[in-house]
Amino acid sequence: MTTPPVLSINNLTKYYGKLKALDNLSLEVFPGEILGFLGPNGSGKTTTLGILLGILKADSGTFSWFGNPPSHEQRKKIGALLETPLFYPYLSGYDNLKIIATIKDAPLSEIDEVLHIVGLEERRGSKFKTYSLGMKQRLAIAAALLGKPEVMILDEPTNGLDPTGIVEIRDLIVKIAKRGMTIVLASHLLDEVEKICTHVVVLEKGKKLHAGSVSEVLRSSVTIELAAYDMEALQQALEEEAFVVATRPEAGLLIVELNRKVETSEINRLLTNKGIYVSHLALRKKSLENYFLELLTEQHA
Amino acid sequence: MLRLIKIDFYKYSKSRTFWVLFITYLVTMTASIVGIEQFLNSTMLSKVGNDSAIPIPKFSFYAFPYVWHNMAYLAGMFKIFLALIIVFFVSNEFSYRTLRQNVMNGMSRNQFVWSKVLFVVLLSLAATLILFFPSLIMGLIKTKELTSEIITRKLFFLPAYFLELMAFGSFALFIAFLLRRSALAIGLLAFYYFILEKIIAYYLPDNIAAFLPVKAMGNMIDVPNSALMKLFGVNFREYVATQDILVSSAWMIIFVAAVFLLMRKRDI
Ligand SMILES: Nc1ncnc2c1ncn2[C@@H]1O[C@H](COP(=O)(O)OP(=O)(O)OP(=O)(O)O)[C@@H](O)[C@H]1O
Ligand SMILES: [Mg+2]
């Protein structure tokens, strides 16, 4: 028996005037997953999350949270951060959270807890408009944590944070995730996503390009990089081999994708037999970033 | 409902702008009520002079039961100020995008609209009290023979004034939700109030123009009769006409319903 999804999206389509921002998007998120929601600028990530949060209206399609049709009561149990922090500029951080806690039916005592978690307790009394960008972002995360949510939707939560802040927020997300919370995280920081997420979905122009688990993505193939005096001969020699899937030059190196794990010494021996002496040979760990770029270039080819 | 009021209380109770506007209104209103008689009499006398052929009767506004009518009419002239407060704070929820924040954190769109309707109700209630107390005090000071009957006889002008504010406030609410930008909304409201409706009314027969929103709301409390006007044989209505109550209430319901409709399908 499989557990029912926390979130399921069925054929969402959304137009802005003539522009089709979402094109029949379907998706399921299961309990405990940390889903990286990826895609280039303008691919429809924020639009999708806005629909899920009741802010934008889809033209067609449906979605359900916890197996039920969407309602405002459910949103009280979703911690959300969308694009930019949205607060009353003339109120302090604390007073802003008081409004949100009241909306979410959360006890006011939680406010100091969440301010502590994001490290804003010292500035709790300062007006929001006097906060730096990073502090605003932290306040938005604090707001999302109010009401002990079961799911979190984070749209670029590290936007505007300094490197320490990014690491802190990443650790925070990992900490939250360890409590078994389900998280949807839209981000352009792919190595962040790689470190945090269990699953990824890639969008382009409102369409789903790929969905799967991160380990699956990173395991799917092996990549090596090589260099030799005669790069063309090198490329030719390798393309003859059965275990080679694809080759492409990149910054003075030849990048080769293999369909199975082959020892580098074995490759070296093969090439030497063909009279090619390599000056560089290394196994390249596949990163999400490479995968992402490959996926998008494949799409355009 | 209490929760909605609490949320809006948190939003406004610490806003300097809100208190500056509110206290300006309070002070202006109280000063106008207390000072209007003196003011009109002295400007009148300085214009006509003391030795005019016919004796000009002095204004006296504060005697019960007429004080309610006189002051409600006076206060009605300031309602545009309250409407601007409403437009300003509602359109700010759009420009700060806090409407988005409220909704994504678990407010329904309808609850948000209700919270703003409640804001209009409470503001109208406060303005009615600001009319009530100074008028009561002036009446108590200036009326020679006080009986409870004479004090309460024309008290119905207060609920009429409250309805006028509610209806006009709903109009302001509608414009704010429609345009979402404070400068634009304030501009349109002022333009419609001061210019546009007057032009439309000019081209319509009077009995039809009476159905226009601002006109109907303003008609509810007619110009009070002063001794001077009686001298000229002018006689205005000293009661609140049922038609004006019905038309104003209808507009109020239409504007509030339109706000709910606007919020149903739109991206926010
Ligand atoms: N309010 C709007 N009006 C018109 N078009 C819009 C609006 N919001 C978004 N779009 C368009 O819809 C498409 C999807 O935008 P969206 O913000 O969802 O992208 P995104 O994936 O979040 O991008 P980013 O990574 O830059 O945040 C874009 O082409 C964008 O220009
Ligand atoms: Mg976005």
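A backbone N or O atom of A:G42 lies 2.8 Å from an oxygen atom of ligand 1, a polar contact in the sense of a pair of N or O atoms within 3.5 Å (within protein, one must be able to donate a hydrogen and the other to accept it, and residues adjacent in sequence count only if both atoms are side-chain atoms). The model is predicted: local features need pLDDT of at least 70 and side-chain atom pairs pLDDT 80 or more, whereas totals for chains, interfaces and linings use all residues. Residues are numbered from 1 along each chain as its sequence is written, chains are lettered from A and ligands numbered from 1 in the order in which they are written, and side-chain values use heavy atoms, with hydrogens and water left out.

**Ligand 1**

- A polar side-chain atom of A:T47 lies 2.5 Å from an oxygen atom of ligand 1, and an N or O atom in the side chain of A:H188 is 2.7 Å from an oxygen atom of ligand 1.
- Of the 630 Å² of accessible area that ligand 1 has on its own, the protein covers 62%; accessible areas come from the Shrake-Rupley method with a 1.4 Å probe, and for residues only the protein chains shown count as cover.
- The ligand is surrounded by 13 residues, the closest being A:G42, A:K45, A:T46, A:T47 and A:H188; a residue is near a molecule or strand if one of its heavy atoms lies within 4 Å of it.
- In chain A, β2 (19–29) and α1 (45–52) each supply at least two residues of this shell, and α1(A) gives the most, with 3 residues.
- Helices (H or I, at least four residues) and strands (E, at least two) are DSSP runs, numbered from the N terminus.
- The shell comprises 4 nonpolar, 7 polar and 2 charged residues, where Ala, Val, Leu, Ile, Met, Phe, Trp, Tyr, Cys and Pro count as nonpolar, Asp, Glu, Lys and Arg as charged, and the others, Gly among them, as polar.

**Interface of chains A and B**

- The contact (heavy atoms within 4.5 Å) takes 30 residues from chain A and 28 residues from chain B.
- The two chains bury about 2800 Å² between them, 58% of it on carbon and sulfur atoms; buried area is the accessible area (1.4 Å probe) that two parts lose on being put together, summed over both.
- B:Y10, B:M104 and B:N105 supply 26% of the area that chain B buries against chain A, more than any other three residues.
- The interface holds 3 salt bridges, each a side-chain nitrogen of Lys or Arg within 4 Å of a carboxyl oxygen of Asp or Glu.
- B:K14 and A:D95 form a salt bridge through their side chains (3.0 Å, N to O).

**Backbone features**

- Most residues other than glycine have a negative phi, and most peptide bonds are trans.
- The peptide bond from B:F64 to B:P65 is cis, with omega near 0°, and B:P65 lies in the loop between α2 (16–48) and α3 (66–76) of chain B.
- A:E83, a residue other than glycine, has a positive phi near 60°; A:E83 lies in the loop between β5 (78–81) and α3 (93–104) of chain A.
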